[in-house]
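Please look over the sequence and structure shown here before reading on. The notes after them are meant for someone seeing this protein for the first time.

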Amino acid sequence: MFNIPTVTNQYSNLIVDKINHKTKPLGALGKLEQCAKQLVTLFSQNVADEDAFKTFTPSITKPTLLVFAGDHGVAAQGVSIAPSDVTSQMVANFVSGGAAINVFCQQLGWQLEVVDCGILHPVTAPSVHNCRLGSITKPLNTEMAMNTMQVQQGFDNAKQLIQQLSHNGCNTIAFGEMGIGNTTSAAALMAAMLNLPAQHCVGKGTGVSDDIVKRKITVVEQALALHKSQFADAITLLAALGGFEIVHITGAMLAAAEQGMAVVVDGFICSAAAMVAIAINPAVKDYLIFAHCSNEQGHRLMLDALNVTPLLQLDLRLGEGTGAALSLPLLQAALGFYNQMASFADAGVEQVVS
């Protein structure tokens, strides 16, 4: 399905040695050093030999952020403060440039793409990719959200999008989402995959009341009980509990890794998709950079379960890929110091070993 190359650490010692000999105390740039190591490792996979590596200057090229939109039948179960109509309204806002993600992408240098994975009211605009799997999923607490053929079609759609972006020179990609009800879907996926009680996974989403949180917990518990037999296989798990946009994000992560891209993971929903992607092909994990820990209750537990450390902690809970977008300057700074910062020898500074 996805032929993901295993990331090799053939130049690991050279990368670490170069970082350690920059004009700074060992480890003084903290997470940026780990970020630099991961990015350089990813981008040097096809460098022929050590001589070529010594002159290799890695860079982020044509960074692209895809916002996938999909509507959820579970939204009608009283799990959100907004109706499903808002998904289409926000997609129209993305198209017109008025959303937070538009502002951040314009400020920071991302190319923004919007994908209709299946929203209730299609937005007719040349800039919206049509990858519709339907108009809305079925309520996950009463039946399968979709069928496995729709999951496979979503993966095919995502693969085509990613291949085109890679062909055009993109080597760093991020994903965002829009879909009323999708934190319920992500919480259900999290609970199923980590074998956790619903109450540990369900949060306030866009800021719902305590009563709605209780309703979300009940809905997720119903879904977990109904679909328990589907959890062993990641494809049927997505069909049972996923959303059209979550399916596309999962497929896009796998497809991006297949192309050797660095994949920037946003918040709660995208991290749930990452967990599914890792279950499908564990090799994808080495390509993932986790941008931030969101303010959604279950996200920290999810990140801990994945044993990953996010770059940022800004108490975000907007979605749209906003946390991933904000991480780009850090990725650029990591490669910037790696490529341009002087070594002790270059600068004529005595290196102090602590």
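What follows is a short briefing on selected helices, residues and contacts.

The model is predicted. Much of the briefing concerns helix α10, which covers residues 234-241 and is mostly covered, with 8 of its 8 residues buried.

**Helix α10 and its surroundings**

- The buried residues of α10 are Ala-234, Ile-235, Thr-236, Leu-237, Leu-238, Ala-239, Ala-240 and Leu-241.
- These buried residues pack against α6, α7 (182-194), α9 (210-226), α11 (244-258) and α12.
- The N-terminal end of α10 is capped by Asp-233, which has a side-chain oxygen 3.1 Å from the backbone nitrogen of Ile-235.

**α10 against α6**

- The axes of α6 and α10 come within 8 Å and cross at roughly 105°.
- Angles from 65 to 115 degrees count as roughly perpendicular, and α6 and α10 are therefore roughly perpendicular to each other.
- On the α6 side, the contact is made by Thr-148, Val-151, Gln-152 and Phe-155, and on the α10 side by Ile-235, Thr-236, Leu-238 and Ala-239.
- Sorted by class, this contact of α6 with α10 has 5 nonpolar residues, 3 polar residues and no charged residues.

**α10 against α12**

- Helix α12 spans residues 268-280, and its axis is 9 Å from that of α10, at an angle of about 155°.
- Angles over 145 degrees count as roughly antiparallel, so α10 and α12 are roughly antiparallel to each other.
- Ala-234, Ile-235 and Leu-238 of α10 meet Val-276, Ala-279 and Ile-280 of α12 in this contact.
- By class, the contact of α10 with α12 has 6 nonpolar residues, with no polar and no charged ones.

**Gln-150 in α6**

- Gln-150 belongs to helix α6, which runs over residues 148-167.
- Its side chain reaches the backbone oxygen of Leu-133 at 2.8 Å.
- Not counting residues up to four places away in sequence, Gln-150 touches Leu-133 and Phe-244.

- Leaving aside neighbours within four places in sequence, the contacts of Phe-175 include Leu-66, Phe-68, Ile-162, Ile-249, Ala-252 and Met-253.
- Phe-175 is also in contact with Val-263, Val-264, Asp-266, Cys-270 and Gly-321, with the sequence neighbours again left aside.

**Buried residues in other helices**

- Val-91 lies in helix α4 (residues 85-96).
- Buried means under 20% relative accessible area, and Val-91 is buried because its relative accessible area is 1%.
- Beyond residues up to four places away in sequence, Val-91 touches Ala-69, Val-114, Ile-119 and Val-123.
- Val-91 and Gly-70 are 21 residues apart along the chain, and their C-alpha atoms are separated by 9.8 Å.
- Ser-271 is part of helix α12, and a relative accessible area of 0% makes Ser-271 buried.
- Not counting residues up to four places away in sequence, Ser-271 touches Val-265, Asp-266, Phe-290, His-299, Met-302, Leu-303 and Leu-306.
- Thr-322 is found in helix α14 (residues 322-326) and counts as buried at 4% relative accessibility.
- With residues up to four places away in sequence not counted, Thr-322 touches Ala-100, Ile-101, Phe-104, Asp-266 and Leu-316.
- The C-alpha atoms of Thr-322 and Thr-124 are separated by 24 Å, and these residues are 198 residues apart along the chain.

**Loop residues with positive phi**

- Asn-195 is not a glycine, yet has a positive phi of about 55°.
- Asn-195 is placed in the loop between α7 and α8 (198-201).
- Exposed means over 50% relative accessible area, and Asn-195 is therefore exposed at 68%.
- Glu-320, although not a glycine, has a positive phi of about 70°.
- The loop between α13 (299-306) and α14 holds Glu-320.
- At 4% relative accessibility, Glu-320 counts as buried.

Conventions
Residues are numbered from 1 along each chain as its sequence is written. This is a predicted model: local features need pLDDT of at least 70, side-chain atom pairs count only at pLDDT 80 or more; totals for chains, interfaces and linings use all residues. Side-chain values use heavy atoms; hydrogens and water are left out. Helices (H or I, at least four residues) and strands (E, at least two) are DSSP runs, numbered from the N terminus. A polar contact is a pair of N or O atoms within 3.5 Å; within protein, one must be able to donate a hydrogen and the other to accept it, and residues adjacent in sequence count only if both atoms are side-chain atoms. Contact means heavy atoms within 4.5 Å. Axes are lines fitted to C-alpha atoms, for helices over the stretch in contact, and angles run from 0 to 180 degrees between N-to-C directions. Angles under 35 degrees count as roughly parallel, over 145 as roughly antiparallel, 65 to 115 as roughly perpendicular and the rest as oblique. Ala, Val, Leu, Ile, Met, Phe, Trp, Tyr, Cys and Pro count as nonpolar, Asp, Glu, Lys and Arg as charged, and the others, Gly among them, as polar. Buried means under 20% relative accessible area, exposed over 50%, partly exposed in between (1.4 Å probe, protein chains only).
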